[in-house]
Amino acid sequence: MVGFEDYVARIEETCGEEKEFVVIFRYDKKHDAITKILEKAAVKKSISRIIFELTFRNVSFRLYGTGKAIFRNLKGKDELKKVLSALLL
Amino acid sequence: MLDLDKIRKDFPILQRRINDHPLIYFDSAATSQKPRQVIEAIKDFYEKYNANVHRAVHTLSQEASELYENAHEEVAKFINAKGMEEIIFVRGTTEAINLVAYAWGLQNLKREDEVLVTLMEHHSNIVPWENLSRVKGFKVKYAEVNDDGTLNYETFENAISDKTRIVCLSHVSNVTGVINDVKRVAKIAHEYGSLVLVDGAQSVPHLPVDVKDLDIDLLAFSGHKMLGPTGIGVLYGRREILEEMEPFHGGGEMIKEVTFDTMTGRCSISWNDLPWKFEAGTPNICGGVGLMAALKYLKDVGMENVKAHEKTLTEYAIIHMQECDRVKIYGPRDVRVKCGIIPFSVDGLSSHDVALFLDSYGIMIRSGFHCAQPLHEKFKLKSSVRVSFYIYNTHEEIDRFVEVLKETGQF
């Protein structure tokens, strides 16, 4: 069964008061992941198609053409996993 | 003057392209890149000399032992220690500081004593002392940092007293690059009978460091930040201090004898000579060999040249980063009091956003707290972005970095 883990190589949780999650997509799946995310999330802004400012179910995040994304204002990793599952599956 | 073209050719990784852009590596404060001389020394060791040290009489072991001991000697010369008995190989700066905390601190610190650190320390020079204070009950005091990131010597002088047993401070801040006046601190500390432990992780790779001239008691630094491999670092200690200290780890190599007494039913143990008393188990032999190659490389370049090159890069970067509207630089801008580290933030963007944006252009920089949260709290920062330079960086790379940094204005 396919899970969001199939697309995600690593999740880095930043330290500090306002935690951010940096999601690094698997190298061989990053284009698939970006395509799927761009299909589902609303693009607020795009810079040279390198960086996308997106929203999905009231969650704001930035997606990078290099295969990385940064999520903020989430309650925790469980919420992130739910968002990633909804975006990627 | 550095022959920059020649130097850059020695670093194979600089040929890489990241995200279709030439690699620009501005994260040397986290770890440095390695020249082929170091890479080849490691390869050469495993191909020709690999054996355990101080264990056997066969030729390979003798050769490996000689190389490993030479590495200690070369480190001693590099920092002007008296000899290899004052040089203990450890995993890195963190382990060196923990060694002092647990080998010296556990034995010597009492409830009524005080340990004085500064607010600009890396967590590795805070956590071991705070941890140990919970066991031993002594007080950890903090010298303040001024708004520009320099050490507030007045609060340091107010905080030190006859109760202070050890002063622990970084030579160069890993966040701001500020160079602390270690000589001044050591003079005051010694007047109060306190030891001085210096975190040299950001100074030994970038400045000429002379332990005798600084008159410090203990110095910790890492090989991987000075062109050497990871997993090898150094604790320098004045011989008389190391002689009195109990070992940190127990096992092979660090003992002379372990004899079983049938009367008591226990073993009696005598410690090995310095520095081996503190190097239990099979050491990182190859790491030592790699570090020796790194030191030779730096000596050939010349530490005064390293310092001068980074100074020009830092000055140039500060001038041009100030051209970026939303960029705020922290710490002093006067390159006479700092090394090649510049922390900054971009208004409206998190540090990780900035780092990911620059990464898209092949520029590697650090974001976050840089393991120095108290200093960030002092600056009222949630996190910061940090660029740090080394001998292989160029003014052209800074031009490109500033050009990309200006593009963050599009966010």
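Analyst: Two residues are in contact if their C-beta atoms, placed from the backbone, lie within 7 Å. On that rule, the contact between the chains takes 16 residues from chain A and 13 residues from chain B. Please keep in mind that this is a predicted model.

User: Which elements make up the side of chain A that touches chain B?

Analyst: Three strands of chain A each give two or more residues: β2 (20-25), β5 (59-64) and β6 (68-72). By class, that side divides into 7 nonpolar, 4 polar and 5 charged residues.

User: What makes β2(A) and β6(A) a pair?

Analyst: Two strands pair if at least two bridges are found between them. β2(A) and β6(A) are joined by 5 bridges in the antiparallel sense, so they qualify under that rule. Within this pair, V22(A) has I70(A) as its bridge partner. The same test works for β5(A) and β6(A), with 4 antiparallel bridges, and here L63(A) stands opposite A69(A). The hairpin of β5(A) and β6(A) has 3 residues between the strands, and G67(A) takes a positive phi near 95 degrees there.

User: Why is β6(A) called mostly covered?

Analyst: A residue is buried if 20 or more other C-beta atoms lie within 10 Å of its own. In β6(A), 4 of its 5 residues are buried.

User: Moving to chain B, how do you know whether its radius of gyration agrees with that of a compact globule?

Analyst: The globule rule is 2.2 Å times the number of residues to the power 0.38. For 411 residues that comes out near 22 Å, and chain B has 22 Å, so the two agree. The C-alpha atoms of chain B fill a box of roughly 80 × 55 × 35 Å along the principal axes, and 49% of its residues count as buried. Among contacts in chain B between residues at least 6 apart in sequence, 71% join residues at least 24 apart. Chain B has 14 helices and 17 strands.

User: Why are β4 and β6 of chain B described as standing at the edges?

Analyst: They belong to an open sheet of 7 strands in the order β4-β10-β9-β8-β7-β5-β6, with mixed pairing. β4 (87-90) and β6 (139-143) each have a single partner strand, so one side of each is left without a neighbour in the sheet. On average, neighbouring strands of this sheet are turned by 20 degrees against each other, direction ignored.

User: How do you know that β7(B) and β8(B) are partners?

Analyst: The rule asks for at least two bridges. Strands β7 (164-170) and β8 (195-199) of chain B run parallel and are joined by 5 bridges, so they pair by that rule. For C168(B), the bridge partner in β8(B) is L197(B).

User: Which strands of chain B does helix α4 lie across?

Analyst: Helix α4 (93-108) of chain B lies across β4, β7, β8, β9 and β10, at about 35 degrees to β10(B). Helix α5 (127-136) of chain B lies across β5, β6 and β7, at about 150 degrees to β6(B).

User: What makes the crossing of α2(B) and α10(B) right-handed or left-handed?

Analyst: A crossing is right-handed if the near helix is turned clockwise from the far one by less than a right angle, and α2(B) with α10(B) is right-handed. Their axes come within 8 Å and cross at roughly 145 degrees. The residues that meet include F45(B) and Y46(B) from α2(B), and A293(B) and Y297(B) from α10(B). This contact has 10 nonpolar, 2 polar and no charged residues.

User: Why is E315(B) called partly exposed?

Analyst: Buried needs 20 or more other C-beta atoms within 10 Å, and exposed means 12 or fewer. E315(B) has 16, so it is partly exposed. The residue sits in helix α11 (303-321) of chain B. E315(B) and G340(B) are 25 residues apart in sequence and 8.7 Å apart in space, C-alpha to C-alpha.

User: What is the strand order of the open sheet of 4 strands in chain B?

Analyst: The order is β13-β14-β17-β16, with antiparallel pairing. Here β13 (327-329) and β16 (366-368) stand at the edges, because each has a single partner strand. The twist averages 30 degrees from one strand to the next. Inside the sheet, 4 bridges join β14 (341-346) to β17 (384-388) of chain B, with R386(B) as the bridge partner of P343(B). Helix α12 (351-360) of chain B packs on this sheet, touching β14, β16 and β17.

Notes
Residues are numbered from 1 along each chain as its sequence is written. Chains are lettered from A and ligands numbered from 1 in the order in which they are written. This is a predicted model: local features need pLDDT of at least 70, side-chain atom pairs count only at pLDDT 80 or more; totals for chains, interfaces and linings use all residues. Ala, Val, Leu, Ile, Met, Phe, Trp, Tyr, Cys and Pro count as nonpolar, Asp, Glu, Lys and Arg as charged, and the others, Gly among them, as polar. Axes are lines fitted to C-alpha atoms, for helices over the stretch in contact, and angles run from 0 to 180 degrees between N-to-C directions.
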